[in-house]
Amino acid sequence: MKTINLLLIAALTLPAAIIPEVRGLLAKQDFAGAGKLIEAQRAGGAWTPELMEAHSWLGRGYLAAKQYDKALAYSATTRKLALDALKSRKLDDEKRLPIAFGASIEVEGQSLAGKGQLSEAITFLNQELKTYYTTSIRTRIQKNINLLSLVGKRAPALEIKDSVGTLPVKSLASLKGKTVLLFFWAHWCGDCKAQAPILADLAAKYGAKGFTVVGPTQRYGYVGGGDDATPAVEKTYIAKVFSEYYDKIPNMAAPLSEENFRVYGSSTTPTLVLIDKTGIVRLYNPGKLTAAELEAKILPFL
């Protein structure tokens, strides 16, 4: 029994385990406990990418609690740790440092906005976007810019060079006069699959009034089970997922493009973007919505 308990303790202190442990404590508003857990794991040693990601969750936790000054303090620490690491490596050499660094940028931007410093927040995020435009965190930074500034602006054009499904993909300009919902989905995304029946019902209900769903998607480099895949193989897999889960959404075309996700900042799937009949964005929502929530957003623009 003693041996089993020692093995359990060891497993819980492995770097990969600390992130869900920290998130669990933050869900209980135990910020002090989360901080102590990180320090105990580090124990004076180096800040690994896993520990940096865990630390970034403290900033996100304080942001969610609207304790903006504390969120800014933790995001600044995460940022410094990440920038120190970037002196000897590239941002995308592995997956956890980009998550931590991207979180620090997100928390700083959203905290500044929360404190009423919207202009400063957007300026900061645009500077970061320019600096890290060619890295994996571009999409995440763009999401935060869009959260603060896209509603009320003209919808960016879609890249429509490729698609899945059988319907031809039309430009947004060709849909002027219709109320358009962009539904960014991923082949691996369970929340996207849960959103699909809601969209199918709404498109059937309001299609005669000009409501149209367009479903951009993209490649991720793998297929079901996480197996690596060539672009051609993955497209075939995406088409299969589309046929199984999304083909019942009336008249939904599905452009296939990574650039669309970057431009619209769709680092969260689903991302829902409502565009009115004149081409102006009226809703930008990373994450799923209930049928009642989405219908309430759509009705004023039909």
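Where is the place of Pro 270? Pro 270 sits in the loop between α11 (258–263) and β5 (271–275). The model is predicted, so local features need pLDDT of at least 70, side-chain atom pairs count only at pLDDT 80 or more, and totals for chains, interfaces and linings use all residues. Residues are numbered from 1 along each chain as its sequence is written, and side-chain values use heavy atoms, with hydrogens and water left out. Helices (H or I, at least four residues) and strands (E, at least two) are DSSP runs, numbered from the N terminus.

Thr 269 and Pro 270 are joined by a cis peptide bond. Its omega is about -5°. Most peptide bonds are trans, and most residues other than glycine have a negative phi.

Lys 66 is not a glycine, yet its phi is positive, about 60°. This residue lies in the loop between α4 (49–64) and α5 (68–85). Asn 251 also has a positive phi, near 60°. The loop between α10 (231–246) and β4 (254–255) holds Asn 251. Lys 66 counts as exposed, at 61% relative accessibility. Asn 251 counts as exposed at 63%. Exposed means over 50% relative accessible area (1.4 Å probe, protein chains only).

Four strands form an open sheet in the order β3-β2-β5-β6, with mixed pairing. β3 (211–214) and β6 (281–286) stand at the edges with a single partner strand each, so one side of each has no neighbour in the sheet. Two strands pair if DSSP finds at least two bridges between them. β5 and β6 pair in the antiparallel sense over 5 bridges. Leu 272 stands opposite Asn 285 in β6.

Conventions: Buried means under 20% relative accessible area, exposed over 50%, partly exposed in between (1.4 Å probe, protein chains only).
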